[in-house]
2 protein chains.
Amino acid sequence: MNIAIVGAGNVAWHLAKALQKVGHTITTVYSRSKAHSEELTKLLTDAVATQSLDFSAIVADVVLIAIPDAALPGITQQIKVKPETIVAHTSGSQPLAVLETIAGANYGVFYPLQTFSKLATIDLEQVPFLIEGNTEATINRLEQLAQTISQKVERVDSDKRKQLHLAAVFACNFTNHLLGISQELLHNAALPTDLLQPLIQETIKKAGMHNPYSVQTGPAVRNDQNVIDEHLRLLQQQPHLQAIYQLLTQSIQATKDNNYSSDQSA
Amino acid sequence: MNIAIVGAGNVAWHLAKALQKVGHTITTVYSRSKAHSEELTKLLTDAVATQSLDFSAIVADVVLIAIPDAALPGITQQIKVKPETIVAHTSGSQPLAVLETIAGANYGVFYPLQTFSKLATIDLEQVPFLIEGNTEATINRLEQLAQTISQKVERVDSDKRKQLHLAAVFACNFTNHLLGISQELLHNAALPTDLLQPLIQETIKKAGMHNPYSVQTGPAVRNDQNVIDEHLRLLQQQPHLQAIYQLLTQSIQATKDNNYSSDQSA
């Protein structure tokens, strides 16, 4: 397919390279900053950089929008395409409907469920692509496109995608923050900050193979009040960490007797 | 060395097998339940099962205590050893001093910083062993023993080990709970519970290579109040999850402007 990309950041970069690699042609890369889009086009065979969002004279089966969520409503209002072009955004948190203002176009969602940075190589084949569209034909077209670069393509509507995004905040954003707190505690105790890495790896591996609730360990699930009290004492200079410790300890203890389902092993 | 092991659970099982593999002799395995200790001794070449904690007539350079933390004080009061035997516990949360009541013995800590289950094979070579002892000679002896099965042997005193355990509660116990919440949310939305696995893997990998605070993503760090409000609305039937969401969101936002150090990349 011929593909135009709006955006020249991490997502645009990974998608453009992967799509070109399997034989698609990236015709155009839009960025507000010309230098920014040219950084990407010089890595691609046939792409030209543009600062216009009028794609009505450009060869493109699909326009992929890969820009920050906050910029999406403003950008979509300016996009012009031929009627046969599909416009799809790549955001996990934005509904399909954010694109319905684009006059005459078919539109959809083409969401790679992964975190991207330019430095890290990502195996897109293993990345779930969540697809949605305003018509069955649009969904089919975007599914076909996703299947050329990933083995894990799923139809997920906006409501479910929102639930998924919420789950990702707990599993990734909040988890990352706890790992940050942990490193801060190691740092403050003059311990090597990588000391817990093998334990973290094993914890995540185990949580991926079972229902994490069923493999919970630690003082909270053991009701080991002596250790809990001692930990709270160690945190007495950091009341915000005490609050997190107490709330998560309570939540673990409440979950123990309230396991939503026992058939959660993957 | 000749080693006796008190306990026949997961830690005892992994340590006994690894120590025998590199040439040590496990002479004795204690468990309150004879069936339990025999399950382990039948996997070992020279070990006999015992239900007595009197090791004063038994050949053992080291007695390793690998039992639940709560049972440790009660068990240590009953242990009898020859004066030349070192008694060491394997607990992350118990101080060295819990062993000082053992008459006449040298004593120490031999703590493998990992989570063990009988089903999962663990590469002990990569597992940090944290060593402590009542004398320099005891520490040296336990270090030598640990170095035969691990490449990562560190001296860590009881105070620092306590800090480390606290950091591990955040990095592992609490993280596991958040992964459980995430799977519950996916389950409730009828989404595949393994959908987030690639994203989780990448998040953990990234957090292990940088200061996690510096690679934080998501609505909290972006101050994306629309998304935060929408997530809180989705959780309105689960006030305990709303509370966790709010507290961790606040903590992420407070951390952004209060980065304890910028030189934390590992």
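**View 1. The two copies meet through the same surface.** Of the interface residues of chain B, 100% are also interface residues in chain A, so the copies meet through the same surface. Contact here means heavy atoms within 4.5 Å. The model is predicted: local features need pLDDT of at least 70, side-chain atom pairs count only at pLDDT 80 or more, and totals for chains, interfaces and linings use all residues. Residues are numbered from 1 along each chain as its sequence is written, chains are lettered from A in the order in which they are written, and side-chain values use heavy atoms, without hydrogens and water.

**View 2. Chain B holds an open sheet of eight strands.** The order is β3-β2-β1-β4-β5-β6-β7-β8, with mixed pairing. Strands are DSSP runs of E, at least two residues, and helices are runs of H or I, at least four, numbered from the N terminus. Two strands pair if DSSP finds at least two bridges between them. β3 (48–50) and β8 (153–155) of chain B stand at the edges; each has a single partner strand, so one side of each lacks a neighbour in the sheet.

**View 3. Strands β2 and β3 of chain B pair in the parallel sense.** Three bridges join β2 (residues 25–30) to β3(B). B:V29 has B:A49 as its bridge partner in β3(B).
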